[in-house]
Amino acid sequence: MKQPHSVKDIAKNAGQSMVHIQPQDQIPLPPPFDDPALDPPIPELSDEAKAKYAVLDQTIAINIERPETKEQEDEFVASFLRGLEKLFSTDDNWTFLQPFEMSIEHCAKCQSCSESCHIYQESGQNELYRPIYRSEILRRIYFKYVKKASPKIHGDIDLNWETVARLIELAYRCNLCRRCAQTCPIGVDNALLSREIRKIASQEMGIAPKELHADGSVLQLSVGSSTGMTPLIVKDNIEFIDEDTAERTGITIETPWDKEGADILLLHNAGEIMAWPENPGAFATIFEAAGLSWTLSSDIAAYDAINYGVFYDDVQFARAAVAHAQAAKKLKVKKIVLGECGHAHKALTVIADKVLTGDLNIPRESSMVTLRDIIRSGRIKLDPSRNDFPVTLHDPCNMVRLMGIVSPQREVINAVVPEGRFREMAPHGVENYCCGGGSGFAIMSGHNFSDWRHHMTGRRKFRQVLEAFADEPMDQEHPKYLCAPCSNCKGQLRDIISYYDAWEKAGIYYGGLVELIVNAMADSTPGFIDWEWH
Amino acid sequence: MTALVYVIAYVGITFFLIAVAARFVMWSKMPMHVRWELYPVAHEGGGRAAYGGSYLEETDWWKKPRQVSLLGEFKVMVPEILFLVALREHNPRLWTRSFPFHLGLYLVSVATILMMADGVIGALMPAAIAGPVARVLSILVPLFGAAGLVLGILGAIGLYQRRMVRDMRDYTAPADFFNLIFFVVAFGVALVNFLLADRDFQGVSGFVANLVTFNLAPLGSGTAVLLLSLSVVLLSLLVAYIPTTHMSHFVGKYFAYHAIRWRDEPNIAGGDQEASIHEALQRPVSWSAPHIKGDGKKTWLDVATEDQTPKDESS
């Protein structure tokens, strides 16, 4: 396995990958995927890509084009340093100044975080993916080139185009799950430092993955949704979903749009509407059956709960949060309920808590809580025997470790699944592992990025899923349900299940929480979960 | 020479106190930041802290009084400070070195505080410190002092050795090695003083008593005084040096937990946080990327509310 020997290697060997990892270098997966020979290696990057863009490792996330002149090279580095200085500004970075400075100043480099990082561990402990590798580069650049401190105090590093471009790429080799921060004895947050590097790139240098920026937050704020759906199209799609859901359940539903004075504005990740229409259909079925007063909004950005800014850009984050709140204000709803989308939960409930004031400060609630209350109220009749199959639960980091919403979804599952059918992953709850799609990875797929994330970021979760079902026959005749109440997590889980053909080979299927509820609704036609691979 | 030793001790202690206070003020005066908590949050009430739950699990949480348990914070912070619980759990190999090191510092600090208390009370109320109290102190001070020095030295050597191993070596700057060597030397000289010249800590206790009562009595001469003076000078320099390095994490850690990891107070509409948020949103933005075009005049409120929908170019 090729790996860097030193932090200083980041500046060396321009154009060459710093690592090379084969499946044989990694911890074998549990059965029936335990033969490394059957594990496809990460495909090589094309020579054209390697010549044109910054090369860090075996993949490319953001296409940072190599400069043609020395002036461009110097300006690139200077621009990074300007951005770095702004991170220490109370004006430009009031949003994260204290957590950022804390993490820059107080790391003891004790490596406690390394054990906790699923990417570092699943890479075969490749040095490049150690949580403090990138943090240390940033720290050394800051102290040596901004503070002009002696390298003998904070460590040495060379600063050139390669260093900066690779560091930005490396910031996109972290899921921002903050499991490392949870284990740090001092409270240093390497995930935050990854995000701050991303912020320099986006907010100062105009560099971000196109899936997150141009095709993500920019599209959402200009057209209405990162899916490209306009208000007209989303309404058409929901109408179709209502009809299709009614056919499947035998329960007529009509999703309300722009209903002024409704109690609840429900925000879906629009990816659900496109990729998993059964999810918004199930929400509508449950909310209507429970007699809730609710609505969707067709305002720009408000029919898509996503807020990709939370992954890379404070300004884009604030814009989406304000758009969501403005839609709720316009409809005069009592509260906003976040659908099954982890990062939307955290963005609008927790982070935007220090952005939204006055009449934009409309209460936000997790759908996990709303759904639990519906179940507790007895307003829908349940027949748990319809969910008589093994179920495990994935905890979305944003919703669980970063918001403390742990028990409502478990209470729901225990109510809709027969006793003994639900099993936890190990570890779970606030100590969970990321699905591997966190921080935008689930929607990033340029070059061979999907292959890379299946091997590096998604592998620990896939291992956990296999271990959770280890006592079950691993074949398609014995279907198993992986419940993931988060759109981005579902995207990643879908991709990795598909990558390893785990539905065909092990009977592992995935879906959200509301699908399990509707599948157990006594008034619904049986078989809402159709076990058909989509 | 006596005067110089006293001066260095006073300067070292004063510098330490000022530097620690400055750090404390620096962290506490930082602008409000967005919420970035991490669960479990120790003060969460209702039994939720045990599994990492939050008040956000409650229906209509904004209408209910928050259940905050200070006891919950103590139950986490006290074992964390005393036993370095997080390190023991997540990095046991380092804990076997770091724990004795920190325990050594704590014991030396306790011995020093006892000597200072002895000096102050002895000067103000000599009767209160006589008899059984004096006997207890004459046992505790050497016990804590000597044990602390030994543990501190062993821990520092252990940490140095651990930092030489590949996975930590590359992340260790020369200053980090210097810090550990500094501890070994300063504690080592104090230990030699204890072993060779001051087995009952009477010499150092007397010096500390003089220090806290501003009685700059001559220290005398001879090997014992030389050793005492040298250890006082080295320890004073060490004390002054600590808060200028990342070893000041004993201050930062308080804020890392209380101002970041556990800072979960919600901003309720019409509540007292809104004024601070308004103020933050009025701060200027100078980020240069094309989608922001911060000119140092536009505020966060301006950039957050700029219309992003396509402009009709025909009009």
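Two strands count as paired if DSSP finds at least two bridges between them, and helices (H or I, at least four residues) and strands (E, at least two) are DSSP runs numbered from the N terminus. The model is predicted, so that local features need pLDDT of at least 70 and side-chain atom pairs count only at pLDDT 80 or more, while totals for chains, interfaces and linings use all residues. Residues are numbered from 1 along each chain as its sequence is written, with chains lettered from A and ligands numbered from 1 in the order in which they are written.

**View 1. Strand S7 (residues 480–483) of chain A pairs in the parallel sense with strand S8 (residues 508–511) of chain A over four bridges.** Leu482(A) stands opposite Tyr510(A) in S8(A). Strand S5 (residues 391–393) of chain A also pairs with S7(A) in the parallel sense, over three bridges, and there Leu393(A) has Cys483(A) as its bridge partner.

**View 2. Lys480(A) and Leu482(A) point one way from S7(A), and Tyr481(A) and Cys483(A) the other way.** All four are buried, that is, 20 or more other C-beta atoms, placed from the backbone, lie within 10 Å of a residue's own. In a regular strand the side chains alternate between the two faces of the sheet.

**View 3. The contact between the chains takes 71 residues from chain A and 68 residues from chain B.** Two residues are in contact if their C-beta atoms, placed from the backbone, lie within 7 Å. On the side of chain B that touches chain A, the largest share, nine residues, comes from helix H11 (249–261) of chain B.

Note on methods:
A residue is buried if 20 or more other C-beta atoms lie within 10 Å of its own, exposed if 12 or fewer, and partly exposed in between; C-beta atoms are placed from the backbone.
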